[in-house]
Amino acid sequence: MNFSSICDISIINSYSKEKEAFIKLFSDGILEDNKRWDEIIYSNTIENIDKNINTPVKKRMSQMSCGIFYVMEEGAGKNLLTDEEIYLFTSFGEIDTTDKIIKSITIDKMSLVSPTHFHNSVHNTPLGYYTIIKKLHNYCGTISDGVLTGISFINFIKNRVKLDGTFVVTSGEEYSPFLDMDTVEPKKIKPSFISYRIIPNQDKGFRYLGSFKNLDEIKSINEYKNAKYILTDKILFDEMYKSKSDKIILSEYPIVLDNPCGVIFRLALPFYLSFNENSLVLERNGINIEVFEVKN
Amino acid sequence: MKRNRVFIRDFTSISSLGVGINETISNLEKEQCPIYIPTDSEIFHYPHFRINQTLFDSNELINCSKIVLKLLEMVEKSFVKYKNIPIFIGTSTGGIRETEEVYRDLSEKKIKYPLFKRHFFNKMVTDVKSKYGDTIGEFYTFSTACSSSGHSLLQAYKFIKNGLIDRALVVGVDTLSLTTMIGFDSLKLVSHTGTKPLTTGRDGLSLGEGGGVLFLESGDETGVDSEIVGCHSNSDGYHISSPDPDGAMQRECVEKTLQEAGITPSDIDYINAHGTGTPMNDEVEIKTIKTFFNNKVIVSSLKSFIGHTLGASTACELAITLAMLKNNKIYQVKDFSDPMDEIVLTKTIQKDVKYFLKNSFGFGGNNFTVGIKVK
């Protein structure tokens, strides 16, 4: 019973809001072929992202807030319990709103800024709007460690699943011109959002295996031998291929691009794509590699 | 599931009252409000609370990292002997001031700046791990506006209480920025004359900067002065920047904290309020408190002394509260007048406190309460 299952998954990005489209990315082999990752054209916004918000408040909401609302409505929010905790993991939060504020102040030299922009600029704004529109009182926490948020997620999840009770994870990033200003280590960030429910104490599902020194060490464990799929970040994807693995190697990169929270999507993919065989989910953490097993 | 007790082994703060507990208590004894009144030429236009600016002397680190590292240095005798201590940071804006300073050059492509490394909250984590190596293990930065370090405390408390970890560092930090100064002013929440929390004349908040650190441990209570006995957080589900005037979920927050602690309102001697000094916040908070405690509790806000340190406020104010209660005193500024209710503390008093509560409320209706037992 030391596994946790993932259900009520919703994923959207600027490529699609439909599950069938993401399943097709898998069945067409795009998730396992990095030469085809540039085939998909992404835009900076997701059209009709506010379509399931039936209140005038939506006019005030950013892509970030609308995106989280969308995946909560289509995913984990559907069966939300009153005492279920909701955790938002986001690397950059309401970055486009923050960008507009800083621009107003430093470039336009404004002595006041849009009040809406200001109260929309905090990291927990998406969950604030979600609870306000849905009139909910659930615990809502937001964890944000910039480019390290994926590691924070792993740290958090491996502990939280040992506690009682189901809980909800949601994650996402919006596009902002702000994110293009880093010319030292540029990243391709386009909007992508996800939500799901985690049910601890299950016979099957995912479990954290530990932090490994290298791929050879991972390849020596039984869970690797028993796995059909290896799901990795973009960098490990190349390393896995070079190491001549006999497994099917996949990455969520075509869905989330350089979103630092990619592992949050990656961990859900074996459930979302209804894999019948076992998988390993890998994430580079400095010199180590964090590993989850997903058993079906 | 294992149920451990959660002790506060060590703590300290950095605020306008000083760097560290001794300087803080020494300045509290003076009962003076250390608010800074800027001149017309300064970039922060309205009265605010500054920390000792020598802490920001030149080096590569962002100011939030400088505060966090100084806080850790002041309590490191308690934790450096251990390995892999999880750190739970709370911040609302950490690092945004530095981005404001380079933004124009950055947008005009005059400079190359590692935005992903320096603007976001990973910067603080990286700086802490760089100094302390494997003494620091897992990290989490909670950002829920003004309740940020409350969430850090809540999660650390839950993990220790349930036996997932043995100890944790909880840190709250925030610095002054134009974004928050102008932003809060745009919401008409900044006092242009200086904050007066929990008074009838309150007209807004004054921003502060600084931080607090709490080193939490389970196990041996020898030499420990305080224990976390309950903690709760929920959502108003009401408005993005105003509290629900009814205060229903703030009441639930207090109620669930008392329940978890196994105590009743009559056990609470003191409440360290969120007390921002804005008309609405203080009105709802006092109304909430009075539904439980009638007139038999003492309430004060440390924001009279340090301003609103935003995401740092829970950890910073808790550390200062623990220090003053260790001194068997609850301090108030000397010129405090016109309390908005009779439960509000009007002058410094000698007081033995056994249990107290600390409230924090953030944008989006994000509520937090913690109950502390003082030995």
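Two residues count as in contact here if their C-beta atoms, placed from the backbone, lie within 7 Å. Keep that in mind, friends, for the whole talk.

What we have is a predicted model, where local features need pLDDT of at least 70, side-chain atom pairs count only at pLDDT 80 or more, and totals for chains, interfaces and linings use all residues. Residues are numbered from 1 along each chain as its sequence is written, while chains are lettered from A and ligands numbered from 1 in the order in which they are written.

With that contact rule, which residues does L216(B) touch? Leaving out residues up to four places away in sequence, the list includes V6(B), F7(B), I8(B), Y157(B), I160(B) and V170(B).

L216(B) also belongs to the largest nonpolar core, which has 194 residues. By a nonpolar core I mean a set of buried Ala, Val, Leu, Ile, Met, Phe, Trp, Tyr and Cys residues joined through C-beta atoms within 7 Å. Buried means that 20 or more other C-beta atoms lie within 10 Å of the residue's own; exposed means 12 or fewer, and partly exposed is in between. Helix α11 (residues 313-326) of chain B gives the most to it, nine residues. Helices here are DSSP runs of H or I, at least four residues, and strands are runs of E, at least two, numbered from the N terminus.

Now to chain A, which is divided into domain 1 (3-29 + 43-203) and domain 2 (206-295); the bounds come from an automatic or database domain assignment. Their C-alpha centres lie 23 Å apart, and 31 residues of domain 1 are in contact with 23 residues of domain 2. On the domain 1 side, β1(A) gives the largest share, seven residues.

Let's look at one helix, α9 (residues 234-242) of chain A. Which of its residues are buried? They are L236(A), F237(A) and M240(A). These three cover an arc of only 110° around the axis, which puts them on the same side of α9(A); the arc is that of the directions from the helix axis to the C-beta atoms. The face turned away from the buried side carries the exposed I235(A) and K242(A). Just after the helix, K244(A) takes a positive phi of about 55°.

Last, the chain partners: 50 residues of chain A are in contact with 50 residues of chain B. The largest share of chain A's side, six residues, comes from α5(A).
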